[in-house]
Amino acid sequence: MAFWSSTSVFTSKVPRKILFMFTLSLSVTYLFYSLMSCYNSFQFQENYVYQGRLVTEETTLVTLREKLYSTSSQVYLDEEFVERTATEQTIAVSSVRNSVEIDERTAGWVRAQAATTRSAAAAAAGEPPEFSTTDSELRRAVNCTSDYGVKKLPQAIIIGVKKGGTRALLEALRVHPDVRAVGNEPHFFDRNYEKGLDWYRELMPSTLEGQITMEKTPSYFVTNSAAKRIHSMARDIKLIIVVRNPVTRAISDYTQTLSKRPEIPTFEVLAFKNRTLGLIDASWSALRIGIYALHLESWMQYFPLSQMHFVSGERLIVDPAGEMAKVQDFLGLKRIVTDKHFYFNKTKGFPCLKKPEDSSTPRCLGKSKGRTHPKIDPDVIRRLHKFYKPFNMMFYQMTGQNFQWELEEDGNSPGSRD
């Protein structure tokens, strides 16, 4: 009896206090986690408010693209700003995702929104000076998606020619939100082919559905094996060739080499096997590259002209918007890059890309571009024009385009800079 009596006292008094405290602590804990969950949800919603409403699964790819198209013609975003913004926003997005992992439905929603937002990853547009806060946040979120998408082999390549204007063309194309391009020259099909297509693909930027992956390596055009190798990778690939008056192109080529090796002989010495007899040294690479018909012949063995587009290096300088319109049409892109993106830099002697009004100076190509060509003996220029003329005529016939290089009698043309 004493045992049962003590047990009764234990179960009737002490446990009630313990149970009460235990129940109270559970309630407080539950309330705490409920408040934290609500706070995280509020933070998540606040980050995705757009124009007074939540961005829901119904926010489509078309909506984001229209937003980009409406603003991309106003500005050009510097590469360093893109990289910095992408890093900062990737960290922010990662933090948001971690905060909502406790809710599986919310996590699924995040994945759906990330997939939608990725559609505008390649927008090369900065923030205009007068944007609302929510608008700016959306633009930064779009620009931070450079790591989204899939790495693909290029659907278009700028294959030539050296010193023709390939860098200027690539930089202008990178303004387009539907173009993703490698900044450096991969030299895969001429120097690194043994590394394999997987290595090549890994160099490419991630792209989304509807975007074009591109690269440019001007030496492909004069590499005998490049056409066959590219054809084996993709028979339907689009090829862009920027050509320029072979004489001014050769002088530009020489100018670049001279800046690196001041001790080299003069242009006149290198250009001739025997100047007295007027024998041109066509084995010199600076001159051989300009025999476009010879190189094009090997490419036409693998690709039809319908898959090639020839850009005039001279017109790319005097009318960049006109040449860009043709390139965008060839690539099947909407004409986003227009004359609003360019202004002529009198110091460098060629167009530069505009930047936002609240940014630093407009973006021009680097110091290696725009060098003034050395003065070349007019007689040498005349002899070179004569040498190239039959090859130029053949090139015009092959491409169906007349670039009118014979009208240039001296080196003081629009292409007289490097």
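Residue numbers start at 1 along each chain as its sequence is written. In this predicted model, local features need pLDDT of at least 70, side-chain atom pairs count only at pLDDT 80 or more, totals for chains, interfaces and linings use all residues, and side-chain values use heavy atoms, with hydrogens and water left out.

**Exercise 1. Overall make-up**

Task: State how many helices and strands the protein has, and what share of its residues is buried.

Solution. 
- Step 1. The protein has 16 helices and 13 strands. Helices (H or I, at least four residues) and strands (E, at least two) are DSSP runs, numbered from the N terminus.
- Step 2. Of the 418 residues, 47% are buried. Buried means under 20% relative accessible area, exposed over 50%, and partly exposed in between (1.4 Å probe, protein chains only).
- Step 3. Among contacts with a separation of 6 or more, 74% join residues 24 or more positions apart. Contact means heavy atoms within 4.5 Å.

**Exercise 2. A covered helix**

Task: Find how many residues of helix α7 (residues 166–173) are buried, and name them.

Solution. 
- Step 1. The count is 7 of 8, so helix α7 is mostly covered.
- Step 2. The buried residues of α7 are T166, R167, L169, L170, E171, A172 and L173.

**Exercise 3. Salt bridges**

Solution. 
- Step 1. Apply the rule: a side-chain nitrogen of Lys or Arg within 4 Å of a carboxyl oxygen of Asp or Glu.
- Step 2. D377 pairs with R275, with the closest N and O atoms 2.5 Å apart.
- Step 3. D377 is partly exposed at 29% relative accessibility. R275 is partly exposed at 34%.

**Exercise 4. A bridge within a helix**

Solution. 
- Step 1. An α-helix has 3.6 residues a turn, so residues three or four places apart point the same way.
- Step 2. R383 has a relative accessible area of 26%, so R383 is partly exposed. D379 is also partly exposed, at 27%.

**Exercise 5. Aromatic rings**

Task: Count the aromatic pairs, then classify F387 and F391 as stacked, edge-to-face or tilted.

Solution. 
- Step 1. Rings of Phe, Tyr and Trp (its six-membered ring) pair if their centres lie within 6.5 Å. Planes under 30 degrees apart are stacked, over 60 edge-to-face, and the rest tilted. The count is 21 aromatic pairs.
- Step 2. F387 and F391 lie 5.6 Å apart, centre to centre, with 55° between the planes. The pair is tilted.
- Step 3. F387 and F391 are 4 residues apart in helix α16 (residues 378–399).
- Step 4. F391 is partly exposed, with a relative accessible area of 27%. Its C-alpha atom is 7.9 Å from that of L294, 97 residues away along the chain.
- Step 5. Ring pairs also link F188, F189, Y193, W199, Y200 and Y220 into a cluster.
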